[in-house]
Amino acid sequence: MSENEQSRLPASKSGRHGAIETILATQAISSQTELQAALEKRGIYAAQATLSRDLLELRATKVRDSQGRRVYALGAGNTSSPWSEEGPDDKLQRWAQDLLVGAATSDQLVILRTPAGAANLLGSAIDAVRSEQVLGTVAGDDTIMVVCASVEAASDFCEQMLAAAEGVRPDEAAGEKHSDKQ
């Protein structure tokens, strides 16, 4: 999604939490003032006390980034931050290997099949990656519908998921794809 096509967030606690998760996953935020400014850029206004509660509820903690700066990261159980122990790409790779049974595309949609009861786990891992190719997911019991930004994005995402299920990392799969064309 381009910056001009930002999705709208509801003016609710869950909408604010979603925005905070996205911000912490994509930006190095070291203070509540920085977080407040990032939220305001998205049209979300919250008092410092509200942000304090939100960070506690999201189990955000401060960790050191690669430059040694202390930044907020989401707590255990929510690995959409690049500062967490297992990154979202690693989690998606692991769940795809363990859970993906099949995949197919239809226009901008990718349909993923899992064993019974496992669709939410894989769907959550897809959401945590926050790929620009993926507009959203809907998970049932054993099926996930992934809505992609374009037909091409759907095809690419489907191939990436199948490669991940076979244990191929997305960056390795992209390299193989380019070498096939030569």
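## Exercises on a predicted chain

Cys 148 has 0% relative accessibility, so Cys 148 counts as buried (under 20% relative accessible area; over 50% is exposed, in between partly exposed; 1.4 Å probe, protein chains only). The model is predicted: local features need pLDDT of at least 70, side-chain atom pairs count only at pLDDT 80 or more, and totals for chains, interfaces and linings use all residues. Residues are numbered from 1 along each chain as its sequence is written, and side-chain values use heavy atoms, with hydrogens and water left out.

**Exercise 1. Describe the surroundings of His 17.**

Step 1. His 17 is in helix H1, residues 13-26. Helices (H or I, at least four residues) and strands (E, at least two) are DSSP runs, numbered from the N terminus.
Step 2. Buried or exposed? His 17 is buried because its relative accessibility is 13%.
Step 3. List the contacts (heavy atoms within 4.5 Å). Leaving out residues up to four places away in sequence, His 17 touches Asp 54, Glu 57 and Leu 58.
Step 4. Look for a polar contact (N or O atoms within 3.5 Å; within protein, one able to donate a hydrogen and the other to accept it; residues adjacent in sequence count only if both atoms are side-chain atoms). The side chains of His 17 and Asp 54 make one at 3.0 Å.

**Exercise 2. Work out how H2 and H3 are oriented to each other.**

Step 1. Get the geometry. H2 (residues 32-41) and H3 (residues 48-57) pack at about 100°, with axes 10 Å apart. Axes are lines fitted to C-alpha atoms, for helices over the stretch in contact; angles run from 0 to 180 degrees between N-to-C directions.
Step 2. Classify. H2 and H3 are therefore roughly perpendicular (65 to 115 degrees; under 35 is roughly parallel, over 145 roughly antiparallel, the rest oblique).
Step 3. Name the contact residues. H2 gives Gln 32, Leu 35, Gln 36 and Leu 39; H3 gives Gln 48, Leu 51, Ser 52 and Leu 55.
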